[in-house]
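Visitor: I would like to learn how to read the packing of a helix on a sheet. Please take me through one case.

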Amino acid sequence: MNMKKYIILPVAALLAACGGKTDGEAAAQLAPKPVFRVKYIDTAALQGLALEQPENGQDEAGKPVADYLIAGMEQPNHIRLTGKHSNDLEAISGKCLEAGKTDWQAQSVCRTLFEQLVANIAEDADKLSDYLIGHAGLQPQQSGSGYAAVQNGRYVLELDSEGRFTFRRRHY
């Protein structure tokens with residue numbers, strides 16, 4: 001009888017420590033959020049991105065916006081700049097998910113575009129991109145919905161499992 005206690009207790013402790021998650025899920029949870037420094041929150045963020053010509057207008061709140069379709073893709077795949085001043089924007093947002101896909105494969109249009117956008121707006125772009133894509137559930141062979149965000153006090157960069165992303169100033 002005592003032998004059973006000694007076997008059951010370590011097994012129970014192991015299961016509790018793992019939380020029933022796979023190695024990949026446990027590792028993803030333990031990965032620290034990367035810190036980042038902002039380079040630009042202006043039109044320089046679009047340098048090198050494959051975009052169509054912008055359509056200018058206003059959003060629901062009356063703020064000026066410029067919507068850019070992603071080259072070779074249809075709506076709703078776009079990038080939107082929001083703000084009165086092109087050299088000091090309020091937000092850069094968008095959506096990118098290739099038809100029939102549920103993830104961003106390496107070298108895909110959406111992943112390449114997002115990685116370039118992050119490289120244009122922040123330092124340590126590789127760490128930021130990898131963290132956000134992994135935690136948002138956009139890696140191949142991941143399932144379910146997800147959301148990931150990093151912030152540096154004044155700015156937030158976020159991504160979800162449907163390919164929606166936003167880089168914005170926090171409002172206090």
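Visitor: Which strands does H3 lie across?

Guide: This is a predicted model, where local features need pLDDT of at least 70, side-chain atom pairs count only at pLDDT 80 or more, and totals for chains, interfaces and linings use all residues. Residues are numbered from 1 along each chain as its sequence is written, and side-chain values use heavy atoms, with hydrogens and water left out. Helices (H or I, at least four residues) and strands (E, at least two) are DSSP runs, numbered from the N terminus; contact means heavy atoms within 4.5 Å. H3 lies across E3, E4, E6 and E7 and runs at about 10° to E7. Axes are lines fitted to C-alpha atoms, for helices over the stretch in contact, and angles run from 0 to 180 degrees between N-to-C directions.

Visitor: Which residues of H3 are buried?

Guide: An α-helix has 3.6 residues a turn, so residues three or four places apart point the same way. Buried means under 20% relative accessible area, exposed over 50%, partly exposed in between (1.4 Å probe, protein chains only). In H3 the buried residues include Leu 113, Phe 114, Leu 117, Val 118 and Ile 121. Their cover includes helix H4 (125-136) and strand E4 (91-95).

Visitor: What is the strand order of the sheet?

Guide: Two strands pair if DSSP finds at least two bridges between them. The order is E1-E2-E3-E4-E7-E6-E5, an open sheet of 7 strands with antiparallel pairing. E1 and E5 are the edge strands, each pairing on one side only.

Visitor: How many bridges join E5 to E6?

Guide: The two antiparallel strands share 5 bridges; Gln 151 stands opposite Val 156 in E6.
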